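Hello,

Here is the structure I promised to pass on.

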Amino acid sequence: MRTAIHFGENSLNRLTEIPYQRVLIITDPYVVESRMIDLITEPLKKAGKEFDLFFDVVPDAPLDKIAAGVRKFLEYQPEAVVSVGGGSAIDSAKAIREFALKINPYAHVAMIAVPTTSGTGSEVTSFAVVNDTEHHVKYPLVADSLTAEEAILDAELVRSVPPSVTADTGMDVFTHAVESYVSTAHNEFSAALAEKSIEICGVFLLRAYLDGNDMHARQKMHVASCLAGLSFNTAGLGITHSMAHQLGALFHVPHGRANAMLLPHVIEYNSEIDKYSRSQKEYHPSVKRYSTIAHVLGLSNFNKVMTVRSLVNWIQLMQKEMNIPTTIQELRTIAPEDYFGAIETMAEAALADACTATNPKTPTKQEIMKIYAKLWA
Ligand SMILES: NC(=O)c1ccc[n+]([C@@H]2O[C@H](COP(=O)([O-])OP(=O)(O)OC[C@H]3O[C@@H](n4cnc5c(N)ncnc54)[C@H](O)[C@@H]3O)[C@@H](O)[C@H]2O)c1
Ligand SMILES: [Fe+2]
């Protein structure tokens, strides 16, 4: 693991011990307005560190905000960046450091990532998903140099996450674990991390959704998010993510919500099992892995078809329990002509997305278009 992980109660105290004097904090406006930022600046002040703030980060890491952050970085010349927020803030910070050091490689600058959602795992991954708003495409940058040197997992920061964001980001965690578990690049280590993450989601995601102050559940989900990040960092993801990125870029569907909506359809596509399926002599290789996921969640084990169906049913039940829409129509924000008019462009961009390479089945453009069409209603 490239990232040193500090976790548990009071883990933010690590900020008093970091071996850097000049720190640029990159965060989103919510963290500053809610004064959550004090939890970061107090330990820095206590340790006599100098710091400055860039808090112009918005959801989905658009390139113009990243460019503004690069200017700030080059002006301030920090020794370390502390990125605080959800995936959007951490990804923006990762991209800002990467581009700034390409323009002016004056020194090594460390990244300390402090997530405030239990979702992306970005604090430990070499991915930064950015949004090219001019061309309406969202895509992951992937490079080892994007990886943070340190991550601090303090669940106190997640306490204020509202239920709908807990639901969306929690389903992002689950999707990372599932996609990395069935990915063509999985190995025993990535699988172990994914299994633990799936087990925790099964027990604690709904608890965290129902009671945001259930700190035991919050702690568990914060760890599950990081475990899933470690898993997909080596094993990669799949087309749920490739397709979700386009729904984010074009229609601003929150990332985790898009994943939750797509995942049942992608499991049906990959496993070649849907509600009409009968037992078969041979199954697609992904079926065995989806079955293990169902077992980890404690679902049925009668035969392969029923086991994969139970996994799909579990995901759909979680969507209902957490008020996540299951279709695009239910979102009520997208006109049918806009959605259907965009399907071909979205399918082309999803095929080109870096996450597609490790999907257990190689999709055609037509197959991806069909999944987008099914998602409407
Ligand atoms: N780098 C990776 O490995 C990776 C993996 C998956 C997704 N992503 C990307 O991450 C982004 C999504 O990140 P996210 O799901 O964490 O959401 P986010 O960062 O966009 O945050 C969602 C909302 O929650 C708010 N919020 C964050 N923390 C809060 C808190 N503690 N209390 C109250 N509100 C809070 C934010 O202000 C924002 O309005 C997407 O762009 C997605 O593509 C990156
Ligand atoms: Fe994700």
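Before you start: residues are numbered from 1 along each chain as its sequence is written, and chains are lettered from A and ligands numbered from 1 in the order in which they are written. This is a predicted model, where local features need pLDDT of at least 70, side-chain atom pairs count only at pLDDT 80 or more, and totals for chains, interfaces and linings use all residues.

**Domains**

The protein chain is assigned domain 1 (4-158) and domain 2 (161-377). These bounds come from an automatic or database domain assignment. The C-alpha centres of the two domains are 27 Å apart. In domain 1, 26 residues are in contact with 32 residues of domain 2 (contact: C-beta atoms, placed from the backbone, within 7 Å). β1 (4-7), β6 (127-132), β7 (137-142) and β8 (150-153) each supply at least two residues of the domain 1 side. β7 gives the most, with five. Helices (H or I, at least four residues) and strands (E, at least two) are DSSP runs, numbered from the N terminus.

**Ligand 1**

Ligand 1 is surrounded by 31 residues; G86, G87, S88, S122 and V129 are the closest. A residue counts here if its C-beta atom, placed from the backbone, lies within 6 Å of the ligand. Both domain 1 and domain 2 give residues to this shell, so ligand 1 lies between them. α4 (87-103), β6, α5 (163-182) and α9 (255-271) each supply at least two residues. α4 gives the most, with four.

**Helix α13**

α13 (residues 336-352) has 17 residues and reaches 25 Å from first C-alpha to last, close to the expected 24 Å (1.5 Å times one less than the number of residues). A kink of about 45° is centred on I343. That bend is the angle between axes fitted to the seven residues ending there and the seven starting there. Y339, M346, A347, A349 and A350 are its buried residues (20 or more other C-beta atoms within 10 Å; 12 or fewer is exposed, in between is partly exposed; C-beta atoms are placed from the backbone). They pack against β7, α8 (239-251), α12 (328-331) and α14 (365-374).

**Two loop residues**

Most residues other than glycine have a negative phi. N10 has a positive phi near 60°. N10 sits in the loop between β1 and β2 (22-27). E272 also has a positive phi, about 60°. E272 lies in the loop between α9 and α10 (286-296).

Best wishes

Notes
Two residues are in contact if their C-beta atoms, placed from the backbone, lie within 7 Å.
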